[in-house]
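Grab a pencil and open the viewer.

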Amino acid sequence: MSIWCVANQKGGVGKTTTAVALASLVAAEGKRVLAIDLDPHASLSHWLGGGNGPEPRGTADLFAAAPPAVAGLLRPGGASNLDVLPAQAALATVERQGIGRQGMGLVLSRALAEVAPAYDTLILDCPPTLGLLMVSALAASDLLIAPTQTEPLAMHGLSGLLRTAQMIERSRNRALPIRIVPTLYDRRTRAAQDTLTALRQAHGDLVWEEEIPVDTRLREASRADVAIPVAHAPSRGVVAYARLLTWLRSTPFPEEKAA
Ligand SMILES: Nc1ncnc2c1ncn2[C@@H]1O[C@H](COP(=O)(O)OP(=O)(O)OP(=O)(O)O)[C@@H](O)[C@H]1O
Ligand SMILES: [Mg+2]
């Protein structure tokens, strides 16, 4: 069982698309997946079979003084083997008011421990804010996946995220490996190529050696909240995500073995 956190404090870089694509691919292998939505906008919850209405219960409830059992908050994710722990708008209040309250950073670690044994992979989709929700997600995770858009300004947010991940490693005394995933890559543009080069220069082996391309079919699936076709005629974006999945599961980097 592994818990993966998809995070980057920059908005619109492909976090939710990455979480949904990886969750769909793992579930299509016949392995049980739980996708956890931590964004008050609830994009992942809508995408994975949530319909249009707000979900009555979900991740926001976990931050209450007396949280309910996690198993009662789960619902099917619109594909075999895929469950969702949905988000509510109330997460925005949790983010604002939870900072400084004792033990809030460990809420998700404790909550997910209840249900994690039933799954092969748990994937957390974070909001684009470096706050309590993201810290709580990182603290619960075995791996940080940081989608980074291949456009000039997108790299700047990364350093804050990497510093936070290091802080969490120190406080829990357990490694939090990081994988940086170049997204929305358009190889025809010079800006995208230059950003990719700069990203690899700055972060070396942490950066996937391939890229997730701009893929209209992925964008259409997310706009229409329909399942990503992973089994038949996968689009080039899905093919790239399948290769990313293989990389994410490959041997840890040498420096992480020592951590
Ligand atoms: N590979 C891709 N090809 C084309 N469009 C994409 C791709 N990845 C993401 N998009 C589109 O880019 C937009 C932002 O993607 P997404 O919602 O996954 O980002 P996000 O980082 O989760 O955003 P937010 O910070 O708002 O939560 C969406 O319209 C999505 O459909
Ligand atoms: Mg998102």
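**Exercise 1.** Find the residue that forms a salt bridge with E29, and work out which parts of the chain the pair ties together.

*Solution.* Start at E29 and look for its partner: that's R249, with the closest N and O atoms 2.8 Å apart in this predicted model. A salt bridge needs that kind of pair within 4 Å, so this one passes. To finish, zoom out: a search of the whole structure finds nine salt bridges.

**Exercise 2.** Pick out polar contacts between the protein and ligand 1, and say how much of the ligand the protein buries.

*Solution.* Begin with side chains. A polar side-chain atom of T17 lies 2.6 Å from an oxygen atom of ligand 1, and one from S222 also sits 2.6 Å from a ligand oxygen. Now check the backbone: an N or O atom of P213 lies 2.9 Å from a nitrogen atom of the ligand. Finally, the area: taken alone, ligand 1 exposes 630 Å², and the protein buries 83% of that.

**Exercise 3.** Describe the surroundings of ligand 1.

*Solution.* First, count: 17 residues surround the ligand, and K15, T16, T17, D215 and S222 are the closest. Then sort the shell by class: seven nonpolar, six polar and four charged residues. Last, look at the space itself: the ligand takes up the largest pocket, and the elements giving two or more residues to the shell are α1 and α8.

Conventions: Residues are numbered from 1 along each chain as its sequence is written. Chains are lettered from A and ligands numbered from 1 in the order in which they are written. This is a predicted model: local features need pLDDT of at least 70, side-chain atom pairs count only at pLDDT 80 or more; totals for chains, interfaces and linings use all residues. Side-chain values use heavy atoms; hydrogens and water are left out. A residue is near a molecule or strand if one of its heavy atoms lies within 4 Å of it. A polar contact is a pair of N or O atoms within 3.5 Å; within protein, one must be able to donate a hydrogen and the other to accept it, and residues adjacent in sequence count only if both atoms are side-chain atoms. Accessible areas come from the Shrake-Rupley method with a 1.4 Å probe; for residues, only the protein chains shown count as cover. On a 1 Å grid over the protein atoms alone, a cavity is a set of points where a 1.4 Å probe fits but cannot get out, and a pocket is an open set with protein on both sides within 12 Å along at least five of seven lines; lining residues have an atom within 4 Å of a point. A molecule sits in a cavity or pocket if more than half of its atoms lie within 2 Å of its grid points. Helices (H or I, at least four residues) and strands (E, at least two) are DSSP runs, numbered from the N terminus. Ala, Val, Leu, Ile, Met, Phe, Trp, Tyr, Cys and Pro count as nonpolar, Asp, Glu, Lys and Arg as charged, and the others, Gly among them, as polar. A salt bridge is a side-chain nitrogen of Lys or Arg within 4 Å of a carboxyl oxygen of Asp or Glu.
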